[in-house]
Amino acid sequence: MRYLILLKATSTPTSPPSPELMAAIAALGEDAKSAGVLLDTQGLHPSSAGSRVRLAQGQLTAADGPFTESKELISYALYDVRSKEDAVEWTNRFLKLHRDLWPGWEGEADVLKVFGPEDFAPPANEGGTA
Amino acid sequence: MTATSAAVEAVWRIESGRLVAALARITEDFVAAEDLAQDALEIALKQWPRDGIPDHPASWLMATAKHVAADQYRRQVNLNRKLAIIARQQSTTGSAESDPMADVDENLDVAVQDDLLRLIFTACHPILSIDSQVALTLRTLGGLQTKEIARAFLTSEATIGQRISRAKRTLTGMGLRFELPPAEDLPARLNAVLGVVYLVFNEGYSATSGDHWTRPALCQDALRLGRMLAALQPEQPEAHGLLALMELQASRLAARTGTAGEPVLLADQDHRRWDQLLIRRGLASLHRAEELGGGPYTVQAAIAACHATAKSVEDTDWRRVAALYTVLAHIAPSPVVHLNRAVAVGMAEGPERGLQLADQLQDEPSLAGYPQLPAVRATFLQQLGHLEQARAEFERAAARTDNAGERRLYLEQAQSIGQV
């Protein structure tokens, strides 16, 4: 099953991320790719480089970033794993690297399940082998 | 922070392969390594839900496994000492044994790739039965527990447990060293490994029985193993070929079963439900496999790619599909390949030619109970206007299948002819 992980920063130190952190993140990514679980991941520009399109009360509006009222999205990752707990564990490892190698950084990651074939499977005991 | 056993199992799935591989390198014994790893897992399943998952679970598991090993070794030494008392009465020579676990390598990352390769070649050793190879591979490399493998294969935990212990006895009995196959055996041994992974995939892909939810899960287990193999053997064309084949076939998982669980044939599938991400991944792997020289899995993947990139059945490049089946019939001949070739040729050159090729397989003993042969003939007969014969062949196909959904499909096709 697939999980989309969206990483948000809640507190970013003034110091930039260290080369050690970047190397550790790359190594973890390689690990996850070799294990066959990481399908895709990319970092995201600050929302100041983006735009927000909104539909409210029948009106479409588009406003350029930054989106001041919400947390900044840092990156996304798409995992293919056996259970939610697997996705959570890979996310743990990612956040631990930030804890250990970028003091002061705080954030949160949403682990969201993507619809997959298992969600369209018919109920058990139907259409099965007699 | 406490942890659920599901969270412990998740850590285990990530660490199992590397842990067993590293332990096997140290002990030079796959079976001992697997036992130690399982002991460490049992301890983790007891302690972590209470104390929380340690900060570095890989090191924790390794240290615990080594602790268990040292403990067992000491107990064995104690036993040996008791025996030694008797022995000493006859001989005065004896040497103090050192603990071989004292100076084991702490670094799990050293030569991990090679260890994992040795692990998979051992788990898929041709001396083991195929069932055992599958169970052992899913357990060590996939990090699945016996109960999960049993659930996936719709069998009992005891059955899987027996397959694993039988396999371990065999491996112990033959005194297999934990090493890579000699270079001259490598292609054949890799082929055996790919065969095990594809078998797991097909077990999930072809079955429509039982607990439906676990079936796509088995396909995905095989996909992850395939990705792992392609990463471990990046220079092997067929590792990429098999991966491409599985990614492309898996792209149709959601579309090939209807809302009531009935099988939906390729021609009737809603293409919008095909998984475009898996198709893109499959095409990329296929490209890599072809660059490296290909092989039977690569050719099958190329055929799957023709279907995945066609807008409809009519739009499919059937000449290319037929040509690829002709290649496959040369490098990996089988009656089923010949039958598939008949279908493709029929689509490319007309039903008469297709039927002619299918008819040549009528006396093939291995296809005697195969429902697809009459089903293929029925389709071509129907297109040629031989409706009575077509109906009889669809009914024959229905009688040959054990799968209720498939049987219903063939009977519907037979009935639809009656309504013409």
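1. Two residues count as in contact here if their C-beta atoms, placed from the backbone, lie within 7 Å. With that in hand, look at B:Val197: leaving aside residues up to four places away in sequence, B:Val197 touches B:Ala222, B:Leu225, B:Gly226, B:Leu229 and B:Leu242. Do keep in mind that this is a predicted model.

2. B:Val197 also turns up in the core. The largest nonpolar core has 132 residues, and B:Val197 is listed with B:Leu23 and B:Ala301 as having the most contacts inside it. As for who supplies this core, helix H1 (residues 5-27) of chain B gives the largest share, with 13 residues.

3. Now the overall picture of chain B. You'll find 18 helices and zero strands. Of the 420 residues in the chain, 44% are buried. If you take the contacts in chain B with a separation of 6 or more, 63% of them join residues 24 or more positions apart.

4. One helix pair to look at is H14 (residues 335-349) and H15 (residues 351-359), both of chain B. Their axes come within 6 Å and cross at roughly 165°. Angles over 145 degrees count as roughly antiparallel, so H14(B) and H15(B) are roughly antiparallel to each other. The crossing of this pair is right-handed.

5. What do H14(B) and H15(B) bring to their contact? From H14(B) come B:Leu339, B:Arg341, B:Ala342, B:Val343, B:Val345, B:Gly346 and B:Glu349, and these meet B:Pro351, B:Arg353, B:Gly354, B:Leu355, B:Leu357 and B:Ala358 in H15(B).

Definitions and conventions. Residues are numbered from 1 along each chain as its sequence is written. Chains are lettered from A and ligands numbered from 1 in the order in which they are written. This is a predicted model: local features need pLDDT of at least 70, side-chain atom pairs count only at pLDDT 80 or more; totals for chains, interfaces and linings use all residues. Helices (H or I, at least four residues) and strands (E, at least two) are DSSP runs, numbered from the N terminus. A residue is buried if 20 or more other C-beta atoms lie within 10 Å of its own, exposed if 12 or fewer, and partly exposed in between; C-beta atoms are placed from the backbone. A nonpolar core is a set of buried Ala, Val, Leu, Ile, Met, Phe, Trp, Tyr and Cys residues joined through C-beta atoms within 7 Å. Axes are lines fitted to C-alpha atoms, for helices over the stretch in contact, and angles run from 0 to 180 degrees between N-to-C directions. Angles under 35 degrees count as roughly parallel, over 145 as roughly antiparallel, 65 to 115 as roughly perpendicular and the rest as oblique. A crossing is left-handed if the near helix is turned anticlockwise from the far one by less than a right angle, and right-handed if clockwise.
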